[in-house]
Amino acid sequence: MATYPTLSAGIGHTPLLRLRQASEATGCEILAKAEFLNPGGSVKDRTALGLVDDAEARGLLRPGATVVEGTAGNTGIGLSLLGNSRGYRSLIVMPDTQSREKIDALRAAGAEVKLVPAAPWTDPNHYAATARRLADEMNARHPGSAWFANQFDNLANRQWHEDHTGAEIWEQTAGKIDGFVCASGTGGTIAGVGRALKARALEARDRAARSTDVVVALADPAGSALANYVTTGEAKAEGSSITEGIGNARLTANFLDAPIDVAWSIPDTESIPEIHRLLRHEGYGVGLSSGVNIAGAIRLARHLGPGHTVVTVLCDSAMRYQAKLFNPAFLREKGIEVPTWLDAAFPG
């Protein structure tokens, strides 16, 4: 058994889980990285570690400083816990539309949490712009007292996933992977993993060790502009989604140059039932973005055909979205199927 001396050392190295029902339904092997097993409970622990390590190496984050970030929640949780382990304070700005569970987790981790109304990216009151402004104000008063993590456009995010997450997936599958699919929030995971897998597949082809590329697919929630951009070249958003932390109306620096071959817009009516089925029949309780990823993995498996291996990401836990995922009245209001067992467990 491995022993990790610090929180940082325990981030990553997550197992691949076989999704039995999805695999049987498609004739493919559908595997998922269990990112909910990270110390902070999500894939964003990886992002937080990549950002902090890079900032420390470049002298941008000084001892005792405050880490400031705008986030839908999970990156903030990762940064706050990592900050606790390294002696930093945390100031997290997030939209007031995010789940109460994530807000409470941030406060329990010791972060100062500033909730702001949801606003478009171009609005100066957008949560990321607000975080940047607060960091600038702190540094104007006390130079070096704050560091703005900037997860959307700080390429240390993408680089960490390229160096670590993508490398892990390649090693865990022994290079026998045909497709990778996930959603994009900052773009760090899909771009970094996609770049790593395609580079390794190219090296293997040069050695005549394989004959095909790895297909990289974007699973985009309805209401995001990214799938439409990949498909048509126009960043146009359509529809809406109850998901949090994924989808975007703009092209982030981390998302640019992501080697995406195909993209789908996934409605909630397709993604949320996958979460309920996975919990009820396989015992994995995963969050909203994971449902989009599972639905995308099934689409990619059918796109490739039987006999292929597809990998996706289970980003975080269902327990961070209890008020949405396990609320029959809320789900019905959104036109989402409510399984009979959920009705019985939470009668109206």
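This briefing describes the overall build of the chain and then a selection of its residues, grouped by topic.

The structure is a predicted model, and its chain is made up of 13 helices and ten strands. With a radius of gyration of 20 Å, close to the 20 Å that the globule rule gives for 348 residues, the chain is as compact as a globular protein of that length. Buried residues account for 57% of the 348 residues.

**Overall dimensions, surface and charge**

- Taken along the principal axes, the box filled by the C-alpha atoms of the chain is roughly 60 × 60 × 50 Å.
- Among the contacts in the chain with a separation of 6 or more, 69% are between residues 24 or more positions apart.
- The chain exposes about 14,400 Å², and 51% of that area is supplied by carbon and sulfur atoms.
- There are 34 positive and 38 negative side chains in the chain, and the centres of these two sets lie 2 Å apart.

**Aromatic pairs and their surroundings**

- W121 lies in the loop between strand 5 (112-116) and helix 5 (127-141), while F152 lies in the loop between strand 6 (146-148) and helix 6 (156-172), so their pair ties together parts that are 31 residues apart in sequence.
- The two partners fall into separate classes of accessibility: W121 counts as partly exposed because its relative accessibility is 29%, whereas F152, at 8%, counts as buried.
- Ring pairs also bring in Y127, so that W121, Y127 and F152 are linked into a cluster.
- N150 is placed, like F152, in the loop between strand 6 and helix 6, and N150 is buried, with a relative accessible area of 18%.

**Residues with positive phi**

- N150 has a positive phi of about 60° although it is not a glycine.
- H13, which is likewise a residue other than glycine, has a positive phi near 60°, and H13 is found in the segment before strand 1 (16-18).

**Buried residues and their contacts**

- K198 has its place in helix 7 (residues 188-206), and this lysine is buried because its relative accessible area, 14%, is under the 20% cut-off.
- When residues up to four places away in sequence are not counted, K198 touches D213, V214, V216, P259 and D261.
- I242 is located in the loop between helix 8 (226-232) and strand 9 (262-266), and it counts as buried at 7% relative accessibility.
- With its neighbours within four places in sequence left aside, I242 is in contact with D268, I272, L288, K324, F330, K334 and I336.
- I242 and L331 are 89 residues apart in sequence, and the distance between them in space is 9.5 Å, C-alpha to C-alpha.
- A263 is found in strand 9, where it counts as buried at 10% relative accessibility.
- Not counting residues up to four places away in sequence, A263 touches L218, A227, V230 and T231.
- A263 and A72, which are 191 residues apart in sequence, are 23 Å apart in space, C-alpha to C-alpha.

**More accessible positions**

- A209 is found in the loop between helix 7 and strand 8 (215-221), and A209 is exposed because its relative accessible area of 53% is over the 50% cut-off.
- The C-alpha atoms of A209 and G175 are separated by 9.4 Å, and these two residues are 34 residues apart along the chain.
- T6 is found in the segment before strand 1, and it is partly exposed, with a relative accessible area of 46%.
- T6 and D261 are 255 residues apart in sequence and 38 Å apart in space, C-alpha to C-alpha, and D261 is also one of the residues that K198 touches.

Key. Residues are numbered from 1 along each chain as its sequence is written. This is a predicted model: local features need pLDDT of at least 70, side-chain atom pairs count only at pLDDT 80 or more; totals for chains, interfaces and linings use all residues. Side-chain values use heavy atoms; hydrogens and water are left out. Helices (H or I, at least four residues) and strands (E, at least two) are DSSP runs, numbered from the N terminus. Buried means under 20% relative accessible area, exposed over 50%, partly exposed in between (1.4 Å probe, protein chains only). Rings of Phe, Tyr and Trp (its six-membered ring) pair if their centres lie within 6.5 Å; planes under 30 degrees apart count as stacked, over 60 as edge-to-face and the rest as tilted. Contact means heavy atoms within 4.5 Å. The radius of gyration is taken over C-alpha atoms; the globule rule is 2.2 Å times the number of residues to the power 0.38. Accessible areas come from the Shrake-Rupley method with a 1.4 Å probe; for residues, only the protein chains shown count as cover. Lys and Arg count as positive and Asp and Glu as negative; His and the chain ends are not counted. The place of a charge is taken as NZ of Lys, CZ of Arg, CG of Asp or CD of Glu.
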